[in-house]
Amino acid sequence: MTVNPELVGRVFPPTEPYLVGREKIREFARSVFATTPLCFDLAAAQAAGYSDLVAPPTFPVVVQERTLHQLLSEPDAGIDFSRVVHGDQRFSFSRPIVAGDELTATLTVASIKSLGGHSMVTAESSIVGADGEHVVTAISTLVVRGDE
């Protein structure tokens, strides 16, 4: 099965809002071995000028995962999840994510490239706050291995 090239440019519906909780930030921070008190100590975060705990820079993957699930579940995508390897991950922030943010993400398939029988699918998830303002764009490249 090959990846459907007509996916390029497809925009998926926005995800349900995700409310960022303090404990989710602390759990994620521990899982990535973050050590900054901004992720754990409310007083430290507020003393640094933030309204609440600050999420580690890779936290947007929690929200982005919802959009990638949409892509991988798309019946005409031609993406066999058992053949997917995560090839690349990048983030472009307008501001940090803090506890209390209510985030919604919208995925756009940016490109699909073929490389030696494999496909490289680049997806951009634009994540906005409850006010509609951009917070971060999470860019993932999935490598879909071809038939062996």
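Which strands are included in what covers the buried residues of α3? The cover includes β1 (18-19), β2 (84-93), β3 (102-115), β4 (118-128) and β5 (134-144). Keep in mind that you're looking at a predicted model.

**Helix α3**

Let's stay with this helix for a moment. The residues of α3 that end up buried are Pro 60, Val 63, Gln 64, Thr 67, Leu 68 and Leu 71. Here's a quick check you can follow: α3 has 14 residues (60-73), and at 1.5 Å a residue it should span 20 Å. Its end C-alpha atoms are 20 Å apart, so the two agree. The helix does bend, though, by about 25 degrees at Arg 66.

Setting aside neighbours within four places in sequence, Glu 16 is in contact with Arg 66 and Leu 103. Is Glu 16 buried or exposed? With 61% relative accessibility, Glu 16 counts as exposed, because the cut-off for that is over 50%.

**Two buried spots**

Now for a couple of residues tucked away from the surface. Gly 78, in the loop between α3 and β2, has a relative accessible area of 9%, so it counts as buried. Its C-alpha lies 12 Å from that of Arg 145, although 67 residues separate the two in sequence.

Ser 119 belongs to strand β4 and is buried too, at 11%. Not counting residues up to four places away in sequence, Ser 119 touches Val 3, Lys 113, Ser 114, Leu 142, Val 143 and Val 144.

**Salt bridges**

Side chains of opposite charge can pair when their charged atoms come close. How many salt bridges does the count come to? The count comes to seven, and the table shows some of them.

| Pair | Closest N to O |
|---|---|
| Glu 74 and Arg 10 | 3.0 Å |
| Lys 24 and Glu 27 | 3.9 Å |

Glu 74 is partly exposed at 25%, and so is Arg 10 at 23%. Together with Asp 76, Arg 10 and Glu 74 are linked in a network of salt bridges.

Lys 24 and Glu 27 are separated by about one helical turn, because they are three residues apart in helix α1 (residues 22-31). Lys 24 is partly exposed at 45%, as is Glu 27 at 42%.

Notes:
Residues numbered from 1 in each chain as written. Predicted model: local features only at pLDDT ≥ 70, side-chain atom pairs only at ≥ 80, totals over all residues. Heavy atoms only, no water. Helix = DSSP H or I, 4+ residues; strand = E, 2+ residues; numbered from the N terminus. Expected span 1.5 Å × (residues − 1). Bend = angle between axes of the 7 residues up to and from the residue. Buried < 20%, exposed > 50% of the residue type's maximum accessible area, 1.4 Å probe, protein only. Contact = heavy atoms within 4.5 Å. Salt bridge = Lys/Arg side-chain N within 4 Å of Asp/Glu carboxyl O.
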